[in-house]
Amino acid sequence: MASPPKVAYCVFALPPDDLAPRLKSLMDSLRSEFGGPQFVPHITVVGPVGLKEDDAVREFRAACDGLRAYHATVDRVATGTFFYQCVYLLLRPTAEVVEASDRCCAFLGYKSNTPYMPHLSLLYGDLTDEEKKKAQEKANDLDGSLNGLGFLISRLALYKIDPDDKTCTSWEKIVECTLSTC
């Protein structure tokens with residue numbers, strides 16, 4: 001598997017404005033106990049892809065054109081096996097969630113060796129399995145009503161990132177699109 005480019009572009013789905021503060025508060029609480037970088041709440045729709053910026057913007061806008069807002073539902077708080085998927089909200093891979101990712105991936109030329117796993121990360125880090133379990137339990141204790149929570153994804157954003165920057169300070173929003181709701 002090829003290593004990701006030094007400068008890459010990702011497509012993030014942004015949670016609605018009424019949910020974002022709740023997520024940020026949960027993320028801040030987890031980070032204060034378990035460490036890790038601060039980052040914007042998001043659902044990765046397209047992973048890091050190496051393109052020139054003008055090509056990335058053009059393809060992102062083309063992908064968004066005609067893409068309708070879609071519903072996402074949290075399945076549960078889960079843990080992963082690497083830094084960028086340490087503790088996260090696993091989303092149900094409904095047809096509309098997967099189709100939005102498939103459309104954007106096709107336009108931006110992103111290929112993955114694994115099936116799309118929609119998720120919203122709460123904590124990035126290199127934690128032990130025991131620490132991840134504690135963080136998962138803490139997330140459930142702090143906000144036990146997340147499981148089954150549904151919300152509308154109506155905004156996608158193109159971010160420029162350095163995949164090796166574990167501080168996330170280099171992340172830069174390039175452009176945002178509002179998806180049609182009718």
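Contact here means heavy atoms within 4.5 Å.

1. **What you are looking at.** This is a predicted model, where local features need pLDDT of at least 70, side-chain atom pairs count only at pLDDT 80 or more, and totals for chains, interfaces and linings use all residues. Residues are numbered from 1 along each chain as its sequence is written, and side-chain values use heavy atoms, with hydrogens and water left out.

2. **K132.** Look for K132 in helix α4, residues 129-142; helices (H or I, at least four residues) and strands (E, at least two) are DSSP runs, numbered from the N terminus. K132 counts as buried because its relative accessibility is 8%; buried means under 20% relative accessible area, exposed over 50%, and partly exposed in between (1.4 Å probe, protein chains only). Setting aside neighbours within four places in sequence, K132 is in contact with T79, G80, T81, C86, V87 and L127.

3. **α4 against α1.** Two packed helices are described by the angle between their axes and the distance between the axes. The axes of α1 (residues 20-34) and α4 come within 10 Å and cross at roughly 145 degrees. Those axes are lines fitted to C-alpha atoms, for helices over the stretch in contact, and angles run from 0 to 180 degrees between N-to-C directions. This crossing of α1 and α4 is right-handed (a crossing is left-handed if the near helix is turned anticlockwise from the far one by less than a right angle, and right-handed if clockwise). On the α1 side you will find L26, S29, L30, E33 and F34, which meet E131, K134, A135, K138, A139 and L142 of α4. By class, the residues of this contact of α1 with α4 are 6 nonpolar, 1 polar and 4 charged. For the classes, Ala, Val, Leu, Ile, Met, Phe, Trp, Tyr, Cys and Pro count as nonpolar, Asp, Glu, Lys and Arg as charged, and the others, Gly among them, as polar.

4. L146 lies in the loop between α4 and β6 (150-153). Is L146 buried or exposed? L146 counts as buried, at 1% relative accessibility. Beyond its neighbours within four places in sequence, L146 is in contact with R22, L26, V74 and L89. L26 also belongs to the α1 side of the contact with α4. D54, 92 residues from L146 in sequence, is 37 Å away in space, C-alpha to C-alpha.

5. **α2 against α3.** Helix α2 (residues 53-64) and helix α3 (residues 95-108) have axes that come within 9 Å and cross at roughly 145 degrees. That α2 and α3 crossing is right-handed. A56, E59, F60, A62 and A63 of α2 make the contact with R103, C104, F107 and L108 of α3. The residues of the α2 and α3 contact split into 7 nonpolar, no polar and 2 charged.

6. **C104.** One to click on in helix α3 is C104, which counts as buried at 0% relative accessibility. Not counting residues up to four places away in sequence, C104 touches V11, V45, V46, A63, L67 and L156. The C-alpha atoms of C104 and C10 are separated by 9.9 Å, with the two residues 94 apart along the chain.

7. **The β7 to β8 loop.** Have a look at W171, in the loop between β7 (155-161) and β8 (172-178). W171 counts as buried because its relative accessibility is 14%. Leaving out neighbours within four places in sequence, W171 is in contact with F12, F39, H42, Y84, Y124, Y159, K160, I161 and D165. One of these, F39, is 132 residues away along the chain, yet the C-alpha atoms of W171 and F39 are separated by 8.5 Å. C168 is also in the loop between β7 and β8. C168 has a positive phi of about 65 degrees although it is not a glycine, and C168 is buried, with a relative accessible area of 7%.

8. **V175.** Strand β8 holds V175, which is buried with a relative accessible area of 11%. Neighbours within four places in sequence aside, V175 is in contact with F60, R61, L156, A157 and L158. F60 also takes part in the α2 and α3 contact, and L156 is touched by C104 as well.
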